[in-house]
Amino acid sequence: MNTTINFKNINRLAIPATVAGIAEPLLSITDTAIVGNIPVDGLESLAAAGIVGSFLSMLIWILGQTRSAISAIISQYLGAGRLEEVKTLPAQAIFLNIGLSILILLSTVFIVEEIFQLLNASGKILKYCVSYYSIRVWGFPLTLFAFAVMGIFRGLQNTYWPMVIAIVGAVLNVILDFILVYGIDGLVNPLYLDGAAYASVIAQAVMAIMAFILLVTKTNISLKLRFPLHPELGRLIVMSLNLFVRAIALNTALILAVREATALGDKYIGAHTIAINIWLFSAFFIDGYGAAGNIMGGKLLGARDYNGLWRLAKKIVQYGLGVSLVLMTIGFVFYYPMGSLFSKETQVLSTFYSIFFIIILGLPINTIAFVLDGLFKGLGEMKYLRNTLLVATFLGFVPTLFLGIYLDWGLMGIWIAFTVWMAIRGGALVLEFRRKFRPLLQNH
């Protein structure tokens, strides 16, 4: 097992995982860039896309946590040489997840307007939010299904097929965005913001179909629901619930940020929408090494190879920091051109440029948090991840955010709060990994 902890094998998993990981934020970034340049009500459309995108990301992240739990359990059984024992688990987990997603979808459809009023949307922006969400929400169960299948592939130490699914979805979304948002003379009428929503749903449907076909043809995992319930389903549910609570804490920060940016005014929510999309894109870009840690870490733990696990942690953090330095360089070199990709509104851009440097400088801090987060998921340490997020959000992010509001820091206060949030998350994970696994090196 030790020989597998090298640059080639880590990147064999990390690079496809990075490509797959950036597909989801790329869908949002595509919508943001194209919607921000709509000739009619571009600013209002950009604001609505940002508000709805944040809310949908919250739903997907909260219920999408089953992916990490499935991946962790399968990789641990694989490492222990007992994969046959969990063949019926994935189907049971997926049926449970899809059932919950449909329940939540139906419960939000009837209170759409009230949801976005809570996020400070009003007037034309509120109208666009309701219209955009009412279309995009139908892609929600499809995304969760695709995520769960990607988790199964990850547990089997395969990030190639999730990458293929993600690339097809992202490319299709970009093509459909241009066709449906702006239209084609004489062929397709421009649908503007609604066109972006339809493009996303179609792309998500294609990804779900691909995920189903690849799982059936490339693995021995069956999606046929079989009883009795698998003994590990209980552990998977507990792990998912811990991640569920964690995701609520995580999205509390994201939603509070959107709410406060919206309260500041249209140019601020426009600038924040650009900033959060770039932040999420960089996060998922770095998270490829977190995915490698998730996949390999679970297998090493299953095999009780603690020396290999320690070396893995050091290497994925080093490689992740290397990627973050490249992203920082790109951010500073293309500081102004990057903003103009998303909007031509001078007020929005000047507001964005005033805080972009905070996002760039925070990348190494984010790297440590995201990479170790992925590793901890693979180790099944969901309870500690939950507690870390609760502390970081309610004792770090929230107090800093409200201090910024009190001191009138504007949008800068929101992004300083994000930096504090990530520093607490990363620091706590470093300390816990050293505390838990360093003593085991002396005995193995």
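Where is Leu407 found? I located Leu407 in the loop between H17 and H18. I took helices (H or I, at least four residues) and strands (E, at least two) as DSSP runs, numbered from the N terminus.

**Entry 1. Basis and confidence**

I worked on a predicted model, in which local features need pLDDT of at least 70 and side-chain atom pairs count only at pLDDT 80 or more, while totals for chains, interfaces and linings use all residues. I number residues from 1 along each chain as its sequence is written, and side-chain values use heavy atoms, with hydrogens and water left out.

I looked up pLDDT, the predictor's confidence in each residue, from 0 to 100. The chain has a mean pLDDT of 87, and 96% of its residues reach 70 or more. Among the elements of the chain, the highest mean, 95, belongs to helix H17 (residues 382–406), and the lowest, 72, to helix H2 (residues 23–36). I note that where pLDDT is low, the predicted coordinates should not be read in detail.

**Entry 2. Surroundings of Leu407**

I recorded Leu407 as partly exposed, with a relative accessible area of 41%; buried means under 20%, exposed over 50% and partly exposed in between (1.4 Å probe, protein chains only). Leu407 belongs to a nonpolar surface patch with Phe332, Phe357, Leu361, Leu403, Tyr406, Trp409 and Met412. Together these residues have about 790 Å² of accessible area, computed by the Shrake-Rupley method with a 1.4 Å probe, only the protein chains shown counting as cover for residues. Patches are made of residues with over 30% relative accessible area and no salt bridge; like charges are joined within 9 Å, and nonpolar side chains (Val, Leu, Ile, Met, Phe, Trp, Tyr) within 5 Å. Helix H15 (346–361) and H17 are the elements that give two or more residues to the patch.

**Entry 3. Aromatic pairs**

I searched the whole structure and found 27 aromatic pairs. Rings of Phe, Tyr and Trp (its six-membered ring) pair if their centres lie within 6.5 Å; planes under 30 degrees apart count as stacked, over 60 as edge-to-face and the rest as tilted. Phe397 and Phe418 form a tilted pair, 5.2 Å centre to centre with 55 degrees between the planes. Phe397 lies in helix H17 and Phe418 in helix H18 (residues 411–441), so the pair ties together parts that are 21 residues apart in sequence. I found both Phe397 and Phe418 buried.

Ring pairs also link Phe397 and Phe418 with Trp279, Phe370, Trp415 and Trp421 into a cluster. Over the ring of Trp421 sits the charged end of Arg425, 4.8 Å from the ring centre; the rule requires NZ of Lys or CZ of Arg within 6 Å of the ring centre and within 35 degrees of the ring normal.

**Entry 4. Salt bridges**

I counted 8 salt bridges, each a side-chain nitrogen of Lys or Arg within 4 Å of a carboxyl oxygen of Asp or Glu. In helix H18, Glu432 and Arg435 lie 3 residues apart, about one turn of the helix, and their closest N and O atoms are 2.9 Å apart. Glu432 is buried at 10% relative accessible area, whereas Arg435 is exposed at 54%.

Salt bridges that share partners join Arg246, Asp373 and Lys377 into one network. Lys377 and Asp373 meet at 3.4 Å, N to O. Both lie in helix H16 (residues 363–378), 4 residues apart, and both are buried.
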